[in-house]
Amino acid sequence: MEKVNDNQLKSIPEETAENGVTRRQIIKTGAAAGAVALMGGFPNISSAQNKTLNIVRGTYFIPGAQEIAKQQAAEFGKQAGVKVNADFLNWTDLNTKIGAGIQAGGIDVIELWPVQNHLYANNLVDMTDEAEEVAARGGGFEEYVLNSGLVNGRYLGIPHGNNAGTIAYRISAFEKAGVKHADKGGMDMTWDEYFAVAKECKKMGMPFGQSLGHSLGDPIGFCYPYMWASGALEVGDDGKTILFNTPTFEYALNKFVQAWKDGYDETGTSWDDSSNNRAYLSGKISSTFNGASIYYASKRRDDGGELMNDTHHMLMPKGTAGRYHEFGTQTMGILNNSKNIDVAKEYLKWWFQPENFDKWWRIQEGYQLHHVKNLADDPMWQDDPKMGIFKEIPKYGRLRGFAGNPNEKASLAASKYIVVDTFAKAVQSGDAKDALEWGERQLKRIYR
Amino acid sequence: MNSGSIQSENFLDRESSLGVLLMLPGLILLLVFLAYPFFLGIWLSLTDTRIGMPGEFIGLWNYTDLLEDDIFHQTAWNTMIYAVVTVPFKALMGLGLALILNNKIRFSNPIRAFVMLPWIVPTALSSLGWFMIFDPVFSPISWLMIEMGLIESNVNFLGDQILAVTAICWVNIWRGIPFFGISILAGLQAVPPELHEQAAIDGANKFQRFVNVTLPQIKGILMITSLLSIIWTFADFQLIYVLTKGGPANQTHIFGTYAYQIGLFGTEIGMAAAITLYMFPILAFFSIFLLRYMRKTA
């Protein structure tokens, strides 16, 4: 193999290809991959014996992905000669584990939710070089990854995409409610139109379902986009001015309160992230905001494909201020108090090799959106046209705390469920104005 | 035998030194697992520490700031309701249970063991069971009531303020009855039968014997179990975290769950420490009262 030295690299003009990847990055990546292949191991792991790598990841709604991740961790351990522990925790419990890991140690590699790379920025290892290597190999990161994965211009972990949520619905119920082309999916609806369908569906005994309980996934994934689409923000771009209690949002929230009575299963105030899955799969509701796990589960049901054939997806409806999804990338990070940073880095570099990563990614059949551009054209996407809409979601993605930064204040607001509880209070009391005033007071306390 | 071993024998023979030695492991455990976290908690509550970020001393700011926090007000109120409502019910129903178990019945020992189950089963596990019973979509109670034609749609057990508070109080009562029951049963069995016989000879009926003989004899146990139960109820966490995580709209938050949310999700562990330490004066009051009472009765 021809060796490329640094001077040669520097002499190559920093020409950027269409996909945003520089020629220099491609050569660097090729050289690094070649070096690992030639040496046949993990040269950067010093005295691997007796080392234990502790990996903590979120549990997966797609069981096969978790199984593969577990097998791959074991495989890496075998190849690198280190002991590997891989734990898969409820996503809700991940914060607790990260907090304990930062304070007391014991975690090396950690899977992070979109804003957690910002929240724990002081406690994560800078992995810009490794992330750029992955980007170069994959034709560059997708734009949403560039927007949400960077913290002050650095990658504090390697982005690996995210499981996107959108609206899943029963085709038959929507058709009965008068929606045209429901079988084609991807309808371009407004919230008003969506609520009108909810009303019809509830009359048929199949209301819509939405969690407004204290759960970090679906309630936030629904309420934030509705707020943004109604022309409100938690905070302005100065990170201080609260733009929450606006007349347009009050008007929209009143509509939601009415829609809740007319078209939703009203027990949603106590639902968690799994309640809507169970309700949909058992035929109790006809539409909900969720990841692709509902559809994935319907494909594996022993019902002759009835539910799978009757399920489709559409983007979040539009409001007066546009269409939005709460979306950013997840990252695989390393805690900077780890005693095994060298092993952890090698593990992540190894796991992000296409032969490993793509296997894990493909089994999810689109549930986990790709992080690099090359995977946008992966044959996997051709397998099931009903999953195609998920690729559109990042275009409408915003992070918590928008238009400010997704910093600790945005995380505190999310962890106190201020936006979600504003919705819950509004539907419980029927008084959107009062609920908004409460939410505004709380946000002012956080962003002061 | 050399002089060293004689000295060590004398040391172990002396009651005072042996006592200190035997107490040492317990003392170390208390220092490491109680005193250290307690003083660390006090220090953290006086700082603006976040997870992974060293904080600075800010005096009582966290405490004063909480006084202006709507959610904290609601949390304090919820905690009060939770303790005030549940403890009397647990005491009354525990007393009833003890009176039943104190009778001579067949299989009394297995029955006594069986009624302890709610207390013995780990709370996280039993709460999960209740979570399924109160499930908004698949609750067997809702199903039964719909089948019987009593209601048309599912009961929103954990999503309506009054029902959610009632549900968590009910689970807390269910879990706490055996503790009261078995403790009071021990007290009942220690009541000398002669007192009852004498009262019966004097013409007292069952109710009069219960009020004038039994109750005075078990007053101490009732007091101690009630005080312990108040302390444990104030400091509860698992049951509410499993059932509602403080929702809907913070209507079931108590000090423990709110502190957990602020500290571990919001990363503000200084503020979270202040929330939990607001419990301290209340718990200290009941603890001191309890200790003084126990010493007096001893």
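**Entry 1: where the chains meet.** I looked up the interface in this predicted model. I found 28 residues of chain B in contact with 35 residues of chain A. Contact here means that the C-beta atoms, placed from the backbone, lie within 7 Å.

I then asked which elements of chain B give two or more residues to the side that touches chain A. They are α4 (70-101) and α13 (255-265) of chain B. α13(B) gives the most, with three residues. Helices (H or I, at least four residues) and strands (E, at least two) are DSSP runs, numbered from the N terminus.

I sorted this side of chain B by residue class: 11 nonpolar, 12 polar and five charged. Ala, Val, Leu, Ile, Met, Phe, Trp, Tyr, Cys and Pro count as nonpolar, Asp, Glu, Lys and Arg as charged, and the others, Gly among them, as polar.

**Entry 2: numbering and limits.** I number residues from 1 along each chain as its sequence is written, letter chains from A and number ligands from 1 in the order in which they are written. Local features need pLDDT of at least 70, side-chain atom pairs count only at pLDDT 80 or more, and totals for chains, interfaces and linings use all residues.

**Entry 3: a sheet in chain A.** I traced an open sheet of five strands, in the order β2-β1-β3-β13-β6 (chain A), with mixed pairing. Two strands pair if DSSP finds at least two bridges between them. Which strands sit at the edges? They are β2 (83-89) and β6 (158-159) of chain A, and each pairs on one side only.

I followed β6(A) to strand β13 (residues 331-334) of chain A: the two pair in the antiparallel sense over two bridges. A:Pro159 stands opposite A:Thr331 in β13(A).

Methods. Two residues are in contact if their C-beta atoms, placed from the backbone, lie within 7 Å.
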